Amino acid sequence: MIEDFLRALLGIPPGTTRINKDLAIMRQLTKPIADHIIPWEKEKELELMALKADIKTQKRGMNRMILGSIQSIYVEPMVTFAYMDYVKGTREGLLYCRTRELEIVYRIKKKDIDVFLNGNLVAIIDAQNIMYGLKSRSALGRVKPYSADLLSIVILDREAGHLFNPLRPHSEVQRAFYLMTKLDDDEERIFLTLGLYELVMRMLANKKKK
């Protein structure tokens, strides 16, 4: 508690020990939903994800942890997530997302985002929303504006699909993603990693506005 107070007062981001502790709590709190997440058999099932989340806030000491889940258009759980802010007024935070097959952790820092896939640091997303492979150092993909209602998700050098912007008004049954091309397994993971981050963070921003 004292450490949390001092970090908040001085604007100091948390260390690895605190991050790992919060991540363990996130896994525990999201497990009841994670146990019931449906499997995805094909990349086209990404298009079944609905643009709507069930979000709730849980108080933890001086901090808030936000928990949520995203369902399919058929009201089946597809993703569960948790988010925590660390330093108010900055980007410092931690986002945890879980599908049936993948655990994606985003350690959000002042200038970039470390991306962990199933426990391994695999990529970095820079301030321009470009994701680079940790080993290859080459650009894997990016998210960029397409229109007021859509964001374009680019994989390598081609436009792979769109994310419907949660900050804009949509129908109750609006799908979150629209794919423009067939994706292999690696491309699907890149698409999902970029798309989930933008989707969840914009959903949380939208909730703050209400």
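**View 1. Surroundings of Leu-196 in the predicted model**. Leaving aside its neighbours within four places in sequence, Leu-196 makes contact in this predicted model with Met-49, Ile-70, Val-79, Cys-97, Thr-99, Ile-104, Tyr-106 and Phe-177.

**View 2. The largest nonpolar core and another core apart from it**. The largest nonpolar core comprises 45 residues, of which Met-49, Tyr-106, Leu-196 and Leu-199 touch the most other members. Helix α3, spanning residues 185-209, supplies the largest share of this core, namely 10 residues. Apart from this core lies another, made up of 13 residues and including Ile-19, Met-65, Val-87 and Val-105.

**View 3. Tyr-74 in the loop between β2 and β3**. Tyr-74 belongs to the loop that lies between strand β2 (63-72) and strand β3 (77-85). Because its relative accessibility is 53%, and exposed residues are those over 50%, Tyr-74 counts as exposed. The C-alpha atom of Tyr-74 is separated by 8.6 Å from that of Ala-50, a residue 24 residues apart from Tyr-74 along the chain.

**View 4. The hairpin of β10 and β11**. Strands β10 (residues 150-155) and β11 (residues 158-164) run antiparallel and are joined by 6 bridges, with Ile-155 standing opposite Arg-158 in β11. The hairpin has 2 residues between its strands, and Leu-156 takes a positive phi near 55° there.

**View 5. Pairing of β11 with β12**. Strand β11 is also joined to strand β12 (residues 177-179), through 3 bridges, and these two strands run antiparallel. In this pairing, Gly-161 stands opposite Leu-179 in β12, while Phe-177, a residue within the range of β12, is among the contacts of Leu-196 shown in the opening view.

Key
Residues are numbered from 1 along each chain as its sequence is written. This is a predicted model: local features need pLDDT of at least 70, side-chain atom pairs count only at pLDDT 80 or more; totals for chains, interfaces and linings use all residues. Side-chain values use heavy atoms; hydrogens and water are left out. A nonpolar core is a set of buried Ala, Val, Leu, Ile, Met, Phe, Trp, Tyr and Cys residues joined through side-chain atoms within 4.5 Å. Buried means under 20% relative accessible area, exposed over 50%, partly exposed in between (1.4 Å probe, protein chains only). Helices (H or I, at least four residues) and strands (E, at least two) are DSSP runs, numbered from the N terminus. Contact means heavy atoms within 4.5 Å. Two strands pair if DSSP finds at least two bridges between them.
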